[in-house]
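Please open the model in your viewer and keep the selection panel at hand.

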Amino acid sequence: MHIVIVGNGIAGITVARFVRKGSAARITVVSSESPFHIARTALMYAYMGDIRLDDLKPYEDGFWSQNRIDLVHDHVEEVDAERNMIRLASGAQLEWDQLVLATGSRPNRFGWPGEHAPGVQGLYSIQDLESMEKWTRDCRQAAVVGGGLIGIEMAEMLRVRGMDVHLLVRESAYMDFMFNQHESDLIHAQVARHGVHLHLDTELDRIETDADGRACSVVTTSGGVLDASFVGLAVGVHPNAELARKAGLEVDRGILVDYAFNTSVPGIRAVGDCAQFRDGLAHGRNIEQLWYSGRRQGRILGRILAGEQLTYKPALFYNSAKFFDLEYQTYGNVPPSDSDDVMTRSWTDEGRCVRFAWSRSDNHLLGMNGFNVRMRHETAGQLIRSAHKGAVAPDTMRTLLFDPEFSKLPTAAMAEAVSP
Amino acid sequence: MNTIALEDIDRVYKRIMKVCLAVAGILLVAAAIDLWPFRPLPSVVIASLLVAVASVLQVARKNDWRPASAHLSSHNAWAGSLTGLGAVGIMVSLAGAGSAFPELMFVLGIGSVTIGGTWMILARHVPAPAGVDNHGATSNPISNHGAVGWMFGILMTGFYVLVYWYPQALEGLVRTTDPLSWVLRGRAADHWFMYSLVYSLAVLVMGVRAWLKYRHIKYQRIRTVSVVFFQLILAFILPSILILFEQPEFYFTYFWPLKWTYLWPGDYGFGWILADGGRLGVFMVVWGAVLSFIATPILTYFYGKRWYCSWVCGCGGMAETMGDPFRHLAPRSTDSWRLERWMIHGSLAVIVVATALIWINSALEGAVFGSVSGAVARTYGFLFGSIWAGVIGVGFYPFLGTRIWCRFGCPMAAILGIQQRFFSRFRITTNGGQCISCGNCSTHCEMGIDVRWYAQRGQNIVRASCVGCGICSAVCPRGVLKLENGPLEGRLNGPVLVDRDDVDILEM
């Protein structure tokens, strides 16, 4: 049995690790991005000089041979589904009994004039990081387009390296599709404190280039012009499904799979960012593009390939981010504002807050988020999964908090403030 | 926000280079005409050193690249220049001026470095927003084997070699500390007083930096105040005052086996403390024994080895303050961990055997080994005290990180580590599935522990070498790591959260 995995991101590499835990199958992981698995979540830290490129690797180089996982640093040009082969850029071919496509995502571009000019790019791969390094070396003014998690990360990266940074956000408050006004304002304050110019209600119209063809400014839909010799595009990602499409697999936005990650072609599976579930998942989406979901999907597929009978169900939703110095965590479902069905209750203090979402019908807990307040994953999960009803006891709040030693949070007041 | 560009740093380097070359010229002329107060040989040596420093700065200007930081203010250029001038002042003192004008050269030397260094730190950190900021730590040439980093390491190593074996070469600098020594100790300075002063000032000044850098974290604020207090007050001022009152120079914060002689009989052990100290001497020896055998196990049970290694110990104090910019240089491979276990436990075995031999010999009044005990004491002191703890332990910060001695050599750390691993309430817990494997924790662990390995599989971190500095928790962008004391039960959990099959937090 030879399992070939295309892509060494968190999904692909987790498949390999979990196959190895339960099976003696031959495993080969092919990647053109990097010879070894890297944590792409840390690309920003490498750029800012917090860590070295070598520190991106979560496992020592010897780990892979010890676990008999063969790594091939090459690009897959073609999948031949009829002959169970993949053809590599070097000309080599690999035969497989089971193929796993874990090809990840690509940054979106929406057809803006100038979007392919030198100095205009997204941030996803290590190649993007290298390109960013190259095009920002002599850059004094930069712009970032996008009001999401990556947008603010790119703004921080550029700012740390001393550039004057403009951040263009389409919404009238940062991530107002997830946060209430108070929460968005916490982020606005962070952006201002770090000297980044935030432009809300602002959309990109085009990118102007200089005589050499390199980006020199961005023009907004309202006609504003901002000088920028580097432009970061952080307007979401889409599944990288080109290889699958060429191989004749059924592809919609992503590679279509069932709950056991089977594509339309027997023997080929797809996992992680590039996979799209035909029937949707419990949380209503059919593509998951988080580090955490990639890891979880990889884990389940790895166990399936090692012989277990499993199907994929998404975890209780959780996510985390850091907006400059502001830590953010969320568990379950927390809408930005109250509605007929949902009521939210929050505790706020200078620079931090927690917010709980409750069902109006029977006061059961739907989710919670925290800004600069750390919550224990295990406890948060238990409370939400068990549909905790009614007031939160101070002791429960104490168990829930994962705050560091010596930080004295007012647990009783917090419990009261977030209770329905 | 003010910004300082590459050109500004360049200007500081150029300014210091010019001063170095000018002073080198003056010293050479002084040596040639035998001008008072300069002594010819030291002057020529120092002049060569200054030329070497200027050359290194030139190399750095040509080759070292560093990203500009948004948080450097224009004060930094002046503060950096003052610090550089202070370093040159120390050189001039060494060439002979220190003996002739101790007060003036103290101000121009150690004083200027202290003030300039503190000013640089204030200018860098006060205007910057509070929050984790290791930006540039792994790209700055000074802390990443650039030309200036090499120079810094060689000068520090050289300083230790001189202090231990050629103290007469430091005469000019020692004399500049005379005035302070008279005030504190009622007598002239010796090279150990000068060394203690420089060491304590380094901990104090860089302690200000550590406090400011981590000021948003209460644990770090308290811990930093603690290490600076123990070094400055208990390991510098108190021993000085003991000397002032004709009492034995005793360090209440060092115990066997780190300060091995405190439990050794005879003249190379606590014999002189009893002889010179009378009742206070008895108290000191009892204090040392109680701390070694009673307080240490109790405190380590409740809090882990951190109560000592990153809160009290002077070596730890230096590592946590002066060493902070060099944390990421600690070797962090599995092989280095393997070597560490052999070396540190070997070191512990050596000190235990040496102590036992010396007691047996003393009990038998020298019948068995004759005068061998003295040789054992001297050899251990040379190998472990001087070379290992001093020259390599601190001198090699810019090459191998900050905890080389603590990790590979310190017998005290070995004992505390064994207890921490098997019988202590301390552990670092991880928060469910929140780890994103970014590696900030592993990169900035001064003990070279691969923290990420544990965090990404949701496993508690219980390691003998962990000194509980809490920096992994500070640099984690997802708040995954938490230092805790708790019940022994369930402390050594397996990979429970992400990897284990029966209990699956990701099912939540």
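How many residues does the contact take from chain A and from chain B? The contact takes 41 residues from chain A and 44 from chain B, two residues being in contact if their C-beta atoms, placed from the backbone, lie within 7 Å. This is a predicted model, in which local features need pLDDT of at least 70, side-chain atom pairs count only at pLDDT 80 or more, and totals for chains, interfaces and linings use all residues. Residues are numbered from 1 along each chain as its sequence is written, while chains are lettered from A and ligands numbered from 1 in the order in which they are written.

Next, select chain B. Chain B has 20 helices and 2 strands; helices (H or I, at least four residues) and strands (E, at least two) are DSSP runs, numbered from the N terminus. The C-alpha atoms of chain B fill a box of roughly 85 × 70 × 35 Å along the principal axes.

Now select residues 334-363 of chain B, helix α13, and residues 411-422 of chain B, helix α17. Their axes, which are lines fitted to C-alpha atoms over the stretch in contact, come within 8 Å and cross at roughly 110°. Therefore α13(B) is roughly perpendicular to α17(B), a term for angles of 65 to 115 degrees, taken from 0 to 180 degrees between N-to-C directions.

Finally, show the side chains. Residues making the contact include Ile344(B), Leu348(B) and Ile351(B) of α13(B), and Pro411(B) and Ile415(B) of α17(B).

Methods. Angles under 35 degrees count as roughly parallel, over 145 as roughly antiparallel, 65 to 115 as roughly perpendicular and the rest as oblique.
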